[in-house]
Amino acid sequence: MTDRERDVTGGSSETHAEGGDDPRHRISDLAANVTHLAGNVTHRAAENVTHLAENVTHLAGNVTHRAAENVSHLAENVTHLAEDAWNRVDFRRRLVLAELGLRQGLRRMRGSLVPILTAGFAAWIAYVIAHEALGHPTPFFAPIASWICLGFTYNRVPRKVLEIGAGVAIGVAIGELILATAGAGGWQLALGLPIAALIARVLDRGDLFTIQAGVNAMVVVGMGTMLSQMTGAGPSRLLDALIGAAVALLVTVLLPGDIVSRPRRYVANLLAELATTYTMLAEGLREGNRERLRDAHAQLRGVQTMVDDTRTAWQSSADIVGLSPTLRRYREQVDELGRQLDLSNRAVHTTEMLLRQSRGIVDEHGAMLDISSLMEQTAADLHAMSGSVRHWNPPHRARRLAIELAGRCAPGEASVTDWRRNVMLSVMRSMAIDLLQLTGLSRLQARGYLPDADGAADATDTALTGDEGSAVWGVELPGSEPPAG
């Protein structure tokens, strides 16, 4: 190194030493700063990563919670949809209703057998008179008029028979008039119906009268194009219709039938099918079987339709008794059957409430043996009452069972510990009153057998007020007086 270089280097070193600008110190400071800066960046990055992780975790938790809620709602919706679909295509319940419908159909067939055979015999008599006695070649309207007037039930009111027979005759007469003046064809057919219907509305307000007039006018005009018109049978059709109606009226007067048997049979069947509902209800509660309870609900829907059919049958008998002076002796029985029908309808609504509560009890507690035994006794009572109505015997056994059931409806007897059982017992107390009234007691008399919350019977007032007792099966039966208070 030359002197000049030394001078330069030495000068520089001195200068750096004097000013503290040693490169090593600067590098050390720079390294310290970088280290500090790296520490800060690492600390901030770590904090950011931690916050990011917390946010991601929180977001994932929210997403998971919302997803779980959505899945839960979806599962509930699918469950409801599946239950609705099963209810719509519930073959088990359809089978219950089909069995009930078949039993009802067989009962209708047995009940209509004799009236249909009687109507067939009357139709044959009308045909023989028109064909053999009067020499009509095709007495088509004689048996038809006879069958239309008589129908297929016992409830044949003479006024109704006359009304239908007159409607048939007027329709045939108008049809014959149109055939003779305008001939047969489409526009003649369209003309015959309104003319016959309008004339019928002028002559009588009955619906059957108008319907038969219009139908038979169209039939006669329509038959005008058939070969029977060429046989000379046309002018005799009016006489055939009159013969058929006369035979039907004669059968109605001579064979009026027993007007109380049909509504009595309907009421007895209604009580028997309601008893079947309680048998299913008892089985469902005893086994904790919700499906059996649904079977009972399907059975009850069928019973509700029977109420309307029974009311129709009873109303027909009530109308006949009100019109015919010779049948007034049946008024008391018919009135009692109407009372039985009203009470049975009330019992059906009570049963509906029991079914709703039973499903809740089975879902929450399972089998309920004590409550099921009350249902079994109710079924036995309804069967006994059905037999009494069917054979028209005093309901001794039914009243005894109803009194026992009322005694078992005390709150202490059923060991009520929760609100659902309380509701069930409260409804059963109402059912016990309905059963007691079915046996002939008034509502106040029935309440005399119903223990209060302390187990003591309330025998305050047994006067027949409000829901009056039966005029047929009143308090005359043995054991009818409520216990003394």
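Me: Which residues is Tyr278 in contact with, leaving aside neighbours within four places in sequence?
Reply: Tyr278 is in contact with Ala347, Thr351, Leu354, Met375, Thr378, Ala379, Leu382 and Met431. Contact means heavy atoms within 4.5 Å.

Me: What kind of model is this, and how is it numbered?
Reply: This is a predicted model, where local features need pLDDT of at least 70, side-chain atom pairs count only at pLDDT 80 or more, and totals for chains, interfaces and linings use all residues. Residues are numbered from 1 along each chain as its sequence is written, and side-chain values use heavy atoms, with hydrogens and water left out.

Me: Back to the core. Which members of the largest nonpolar core touch the most other members?
Reply: Leu274, Tyr278, Leu281, Leu354, Met375, Leu382 and Val389, out of 68 residues. A nonpolar core is a set of buried Ala, Val, Leu, Ile, Met, Phe, Trp, Tyr and Cys residues joined through side-chain atoms within 4.5 Å. Buried means under 20% relative accessible area, exposed over 50%, partly exposed in between (1.4 Å probe, protein chains only).

Me: Which elements supply at least two residues each?
Reply: H3, H9, helix H10 (290-323), helix H11 (331-365), H12, H13 and helix H14 (419-438). H9 gives the largest share, eleven residues. Helices (H or I, at least four residues) and strands (E, at least two) are DSSP runs, numbered from the N terminus.

Me: What does the second, separate core include?
Reply: That core has 22 residues, among them Ala119, Ala130, Val161 and Met223.

Me: Cavities now. How many of 30 Å³ or more turn up?
Reply: One, in a search of the whole structure. The volume of the largest cavity is about 60 Å³. On a 1 Å grid over the protein atoms alone, a cavity is a set of points where a 1.4 Å probe fits but cannot get out; lining residues have an atom within 4 Å of a point. A volume is the space filled by probe spheres set on the points, which are joined across faces, edges and corners.

Me: What lines the largest cavity?
Reply: Gln104, Arg107, Arg108, Arg265, Tyr266 and Asn269. Helix H3 (91-133) and helix H9 (261-287) are the elements giving two or more residues to this lining.

Me: Where is Trp392?
Reply: Trp392 is in the loop between helix H12 (369-391) and helix H13 (396-408). Phi of Trp392 is near 55 degrees, a positive value in a residue other than glycine.

Me: Is Trp392 buried or exposed?
Reply: Trp392 counts as buried, at 18% relative accessibility.

Definitions and conventions: 1 Å grid on protein atoms, 1.4 Å probe; cavity = no way out; pocket = protein on both sides within 12 Å on 5 of 7 lines; lining within 4 Å.
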